Amino acid sequence: ATHVDIDLTAGGTETVEAKHIIVATGSKPSTLPFIKVDKERVITSTEALTLKEIPKHLIIIGGGVIGLELGQVYRRLGAEVSVVEYMDRIIPTMDKAQSKELTKVLKKQGVKFYLSHQVTGVERKGASVNVSANNKKGEAVSFTGDYCMVCVGRRPYTDGLKAENAGIKISERGQVEVNEHLQTNIPNIYAIGDVVKGAMLAHKAEEEGVFVAETIAGQKPHINYNLIPGVVYTWPEVASVGKTEEQLQEAGVAYKSGQFSMRALGRSRASGDTDGFVKILADATTDEVLG
């Protein structure tokens, strides 16, 4: 496969020929099957960047990275913000201590959390949106706001790519399947970023882009995915690298944990940023930093 057919927006088609092809189509917001995103009142993070007004009450479905980042922005701009999350904590993929600390900080700023709530429906009536859910006791509850932002993750954007015409394998999750060289099953076609497995992070995609370029140039590059940091761009920021305490416990690794509160740091006190902590997880015998 060395030819790419392109449908031009102005009409007509064009064919590009190349020796190597890299699929880097990224991802787009996911939704839940029963939610109709109308892009006006029931929105995703994409539309949240172009709202013409500050919502009076923004209901966010999903307490993950994107929902909290944008939710905090709108809270700071004066919106009432309610986060409805299926799991029993926010940012569930990060260390539990980080979830707990960020919850405390955001609550102090006035964000309301409804954890262990399963959303069952979203209905728009004119300028208001009603979100129905079941709480952890299984009782039906509902929330009404003027905007609802659906933040239940992102999915690889492979719709309309017609990659299967070239024989490229795509998993049931919509990801392009690649080997350790980020090569698809067609040797001259590679894939990088959100469209392949791994964390959906811009800096991870960038590393992979360099990796593929070096591979094509005949070099032998290497990526250590364990060293790619994850960040939640709230204020204060939440960042981590390596393994979380829960992952180490699950893997049965013997580790030591050390924690230092920002409140005790002169620099933090001077700048008034006293929320949070630094935590280091190290191997119990070798002291190797694990997270």
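What follows starts with the pocket and then moves along the chain.

Mentor: This is a predicted model, where local features need pLDDT of at least 70, side-chain atom pairs count only at pLDDT 80 or more, and totals for chains, interfaces and linings use all residues. Residues are numbered from 1 along each chain as its sequence is written, and side-chain values use heavy atoms, with hydrogens and water left out.

The second largest pocket has a volume of about 590 Å³. Its lining is made up of 19 residues, and V4, D5, L161, K162 and A163 lie nearest the centre. Two elements give two or more residues to that lining: β1 (3-7) and β3 (21-23). β1 provides the largest share, five residues. By class, the lining has twelve nonpolar, four polar and three charged residues.

Some terms need their cut-offs. A pocket is found on a 1 Å grid over the protein atoms alone, as an open set of points where a 1.4 Å probe fits, with protein on both sides within 12 Å along at least five of seven lines; lining residues have an atom within 4 Å of a point. The volume is the space filled by probe spheres set on the points, which are joined across faces, edges and corners. Nonpolar covers Ala, Val, Leu, Ile, Met, Phe, Trp, Tyr, Cys and Pro; charged covers Asp, Glu, Lys and Arg; the others, Gly among them, are polar. Strands (E, at least two residues) and helices (H or I, at least four) are DSSP runs, numbered from the N terminus.

Now helix α2, residues 65-76. The helix has twelve residues and reaches 17 Å from its first C-alpha to its last, close to the 16 Å expected at 1.5 Å a residue. That expected span is 1.5 Å times one less than the number of residues. G67, L68, E69, L70, G71, Q72 and Y74 of α2 are buried, meaning under 20% relative accessible area with a 1.4 Å probe, protein chains only. G78 follows α2 and has a positive phi, near 110°.

Next, the backbone exceptions. Most residues other than glycine have a negative phi, and most peptide bonds are trans. S116 has a positive phi, near 55°. S116 sits in the loop between β8 (112-114) and β9 (118-125), and is buried at 19% relative accessible area. L182 also has a positive phi, near 60°. Its place is the loop between β13 (154-156) and β14 (189-191). L182 is buried too, at 5%. W235 and P236 are joined by a cis peptide bond, with omega about -5°. P236 belongs to the loop between β15 (230-232) and β16 (238-240).

On to the cysteines. A disulfide is a pair of cysteine sulfur atoms within 2.5 Å, and the count here is zero. C148 is in no disulfide; the nearest cysteine sulfur, that of C151, is 8.8 Å away. That distance is too far for a bond. C148 is buried at 0% relative accessibility, and C151 is buried at 10%.

Last, G291, in the segment after β18 (277-283). G291 is buried, with 18% relative accessibility. Leaving aside neighbours within four places in sequence, G291 is in contact with V241, G242, K243, K279, I280 and L281; contact means heavy atoms within 4.5 Å. G291 and D273 are 18 residues apart in sequence and 23 Å apart in space, C-alpha to C-alpha.

Conventions
Buried < 20%, exposed > 50% of the residue type's maximum accessible area, 1.4 Å probe, protein only.
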